[in-house]
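Please keep the structure open while reading, and look up each residue as it is named.

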Amino acid sequence: MARRFRGSEEVKVDAKGRVSIPAKFRRVFESADPDFPSRNRAQLVVVYGFADWTHLRLYTMEAIEEIDEGISRMPRGSAERSYLETLMNGLSDEAEIDADGRLVLPQRLREKIGLEDRAFFMAQGDYLKVSTPETHEADLRAIEADMPTLEPGADPLSLLPPASES
C-alpha cells in the first residue's frame, strides 16, 4: 500500500507562482514515483478540473496509474469513461517538484482558483487539494454541514462500512 498524505499546511506563493511543497508531502510524492531515484525530482499530476472547480488536485504517480487502470476497465464510449478521461487526462498537466522542493503553478491555474500570495494544502489520502485559505475554510464548513449528526461522544469512525470478510 502506497504512503498517503496526512495533514494540512498553508504556504506562500511567490510572484512566479512557485510554492514550496512541505517536506512531509514531498516525501509522499517521492515514494510514490517509481522513477524518482533515477531523476531525483518527483513527478506528479495536477488536475485542475472543470470551470466550477475552485481547487487543484496534486496526484502522486502511483495514484494516477491506479486511476488510469480503473478508467481503462470502463466501457469504451460510455459517458462515465468520457467524463473521467476528460477530467483526469484532458484537464490536467504533468509537473515536477524542483531541486529546491518547489512546484511552479502556471498563471492560468492560479487565476482559475484565485490563488495570489498564499496557498493551502489539504491532504486527501492519495492526493493534495490546493486552494486559497479562504476557499479551504468554506470547504470545511460545507463538509461539516453535509455530515450526518452523530450522538455526543460517538466515534466518527463508526461512519466506516464494516470490514469485508475474506
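A residue counts as buried when its relative accessible area is under 20%, as exposed when that area is over 50%, and as partly exposed in between. By that scale K24, at 41% relative accessibility, is partly exposed. The model is a predicted one, and the values below are computed from it.

**Charged pairs**

- Side chains of opposite charge can pair when their charged atoms come close, and in this model the count of such salt bridges comes to 13.
- One of them joins the side chains of E9 and K24, with a distance of 3.9 Å from N to O. Because E9 belongs to strand β1 (residues 8-12) and K24 to helix α1 (residues 23-31), this pair ties together parts that are 15 residues apart in sequence.
- E9 has a relative accessibility of 32%, which puts E9 in the partly exposed class, and K24 with its 41% is also counted as partly exposed.
- Another salt bridge is formed by R39 and D33, whose closest N and O atoms are 2.5 Å apart. R39 is partly exposed at a relative accessible area of 32%, whereas D33, at 4% relative accessibility, is buried.
- A further salt bridge brings together the side chains of R41 and E96, at 3.2 Å from N to O. This pair links distant parts of the chain, since R41 sits in the loop between α2 (36-39) and β3 (43-47) while E96 sits in strand β5 (residues 92-96), 55 residues apart.
- R41 has a relative accessibility of 31% and counts as partly exposed, and E96, with 30%, counts as partly exposed as well.
- Salt bridges can also share partners, and in this way E10, R118 and E134 are joined into one network.

**Aromatic rings**

- A pair of aromatic rings is described by the distance of the centres and the angle of the planes, and a search of the whole structure finds five aromatic pairs.
- In the pair of F50 and Y83, the ring centres are 5.1 Å apart and the planes meet at 15 degrees, so this pair is stacked. F50 lies in the loop between β3 and β4 (56-59) and Y83 in helix α4 (residues 79-90), so the contact ties together parts that are 33 residues apart in sequence.
- F50 is partly exposed at 27% relative accessibility, and Y83 is likewise partly exposed, with a relative accessible area of 45%.
- Y59 and Y127 make a tilted aromatic pair, with 4.8 Å from centre to centre and 35 degrees between the planes. Since Y59 is in strand β4 and Y127 in strand β8 (residues 127-131), the pair ties together parts that are 68 residues apart in sequence; both Y59 and Y127 are buried.
- F5, F25, F29 and F121 are linked by ring pairs into a cluster.
- A ring can also meet a charge: the charged end of R108 sits over the ring of Y48, 5.1 Å from the ring centre.

**Helices and their buried faces**

- An α-helix has 3.6 residues a turn, so residues three or four places apart point the same way.
- Helix α3 (residues 61-72) has twelve residues, which at 1.5 Å a residue should span 16 Å, and the distance of 16 Å between its end C-alpha atoms agrees with this.
- Which residues of α3 are buried? They are A63, I64 and I71, and because they fall within an arc of 95 degrees when seen down the axis of α3, they line one face of the helix. Among the elements that cover these buried residues are β3, β4 and α4.
- In helix α1 the residues F25, R26, V28 and F29 are buried. Seen down the axis of α1, they fall within an arc of 160 degrees, so they line one face of that helix, and they pack against β1, β3, β4, β7 (118-123) and β8.

**A residue in helix α6**

- D139 is placed in helix α6 (residues 133-146) and is partly exposed, with a relative accessible area of 21%.
- The C-alpha atoms of D139 and T54 are separated by 9.8 Å, although these residues are 85 residues apart along the chain.

Key:
Residues are numbered from 1 along each chain as its sequence is written. This is a predicted model: local features need pLDDT of at least 70, side-chain atom pairs count only at pLDDT 80 or more; totals for chains, interfaces and linings use all residues. Side-chain values use heavy atoms; hydrogens and water are left out. A salt bridge is a side-chain nitrogen of Lys or Arg within 4 Å of a carboxyl oxygen of Asp or Glu. Helices (H or I, at least four residues) and strands (E, at least two) are DSSP runs, numbered from the N terminus. Buried means under 20% relative accessible area, exposed over 50%, partly exposed in between (1.4 Å probe, protein chains only). Rings of Phe, Tyr and Trp (its six-membered ring) pair if their centres lie within 6.5 Å; planes under 30 degrees apart count as stacked, over 60 as edge-to-face and the rest as tilted. A charge sits over a ring if NZ of Lys or CZ of Arg is within 6 Å of the ring centre and within 35 degrees of the ring normal. The expected span of a helix is 1.5 Å times one less than its number of residues. The arc is that of the directions from the helix axis to the C-beta atoms. Contact means heavy atoms within 4.5 Å.
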